[in-house]
Amino acid sequence: MSGPDIMTERKNTFSGLFRGFARDERGVGAIEFAILFPVLLMLYLGAFELTVGLNVSKRASRSAGSIADIVSQQSSVSKSVLATMTSVAGAIFAPYTTTGLTLKITGIAIDATGNATVAWSWAQDGTRPYISGTTLTVPANMNQASTFLVRSELALPYQLLSFGSNFLPSGTNQITISRQYYYRQRVGTSISCSDC
């Protein structure tokens with residue numbers, strides 16, 4: 001065989017191999033799966049994270065509303081009664097943890113002219129977060145003359161599961177979920193707190 005014939009034969013052999021390789025579809029599914037798997041995994045984990053976060057957010061709303069509702073049904077409260085409200089939040093948040101939860105409850109008196117002032121306040125750490133007599137702004141639909149309101153403020157740090165922590169900027173793996181609710185008193189014209 002001469003040189004050009006060998007070259008032609010080799011070209012035909014290689015081109016036949018490449019044509020066969022191009023037509024061979026074995027393993028295409030595995031390659032597509034390998035390309036799509038990381039994307040599908042991140043979508044799944046992101047949906048899981050979003051679901052858990054929304055569930056915790058809903059429980060924060062329910063806790064703040066329930067606490068204000070319970071206190072608004074009393075004619076008088078004390079620090080010991082208000083201290084049990086963290087247990088109410090813990091029961092609503094179960095099975096999620098309430099580590100770092102902060103709770104503030106405020107009694108707000110609205111006078112005959114519609115001015116809202118702090119009657120008493122209590123914080124989870126036993127302090128008074130607001131000074132009695134301080135003027136407050138309340139939502140317009142709750143500002144009714146000669147009434148009494150109970151405001152609950154709940155905040156909870158929520159740690160993101162962060163399966164893709166390398167994708168998040170530093171310091172964004174924790175958010176604070178906070179809720180605030182107002183309830184009007186149910187019994188009498190005010191709610192007193194003897195030791196707040």
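The tour starts with the whole chain and then moves to a few side chains.

A quick note before you click: this is a predicted model, where local features need pLDDT of at least 70, side-chain atom pairs count only at pLDDT 80 or more, and totals for chains, interfaces and linings use all residues. Residues are numbered from 1 along each chain as its sequence is written, and side-chain values use heavy atoms, leaving out hydrogens and water.

**Stop 1: the whole chain.** Colour by secondary structure and you'll find 4 helices and 7 strands. These are DSSP runs (helices: H or I, at least four residues; strands: E, at least two), numbered from the N terminus. Along the sequence, the order goes α-α-β-α-α-β-β-β-β-β-β.

**Stop 2: the surface.** Of the 196 residues, 31% are buried; that means under 20% relative accessible area, while exposed is over 50% and partly exposed is in between (1.4 Å probe, protein chains only).

**Stop 3: helix α2.** Select residues 28-72, then pick out F33 and F37, which sit 4 residues apart, about one turn of the helix.

Now show their rings: the whole structure has 1 aromatic pair. The ring centres of F33 and F37 are 5.4 Å apart with planes at 40°, so the pair is tilted. (Rings of Phe, Tyr and Trp, using its six-membered ring, pair if their centres lie within 6.5 Å; planes under 30 degrees apart are stacked, over 60 edge-to-face, the rest tilted.)

**Stop 4: Y130 and R151.** Finally, select these two: R151 lies over the face of Y130, 5.0 Å from the ring centre.

Technical notes. A charge sits over a ring if NZ of Lys or CZ of Arg is within 6 Å of the ring centre and within 35 degrees of the ring normal.
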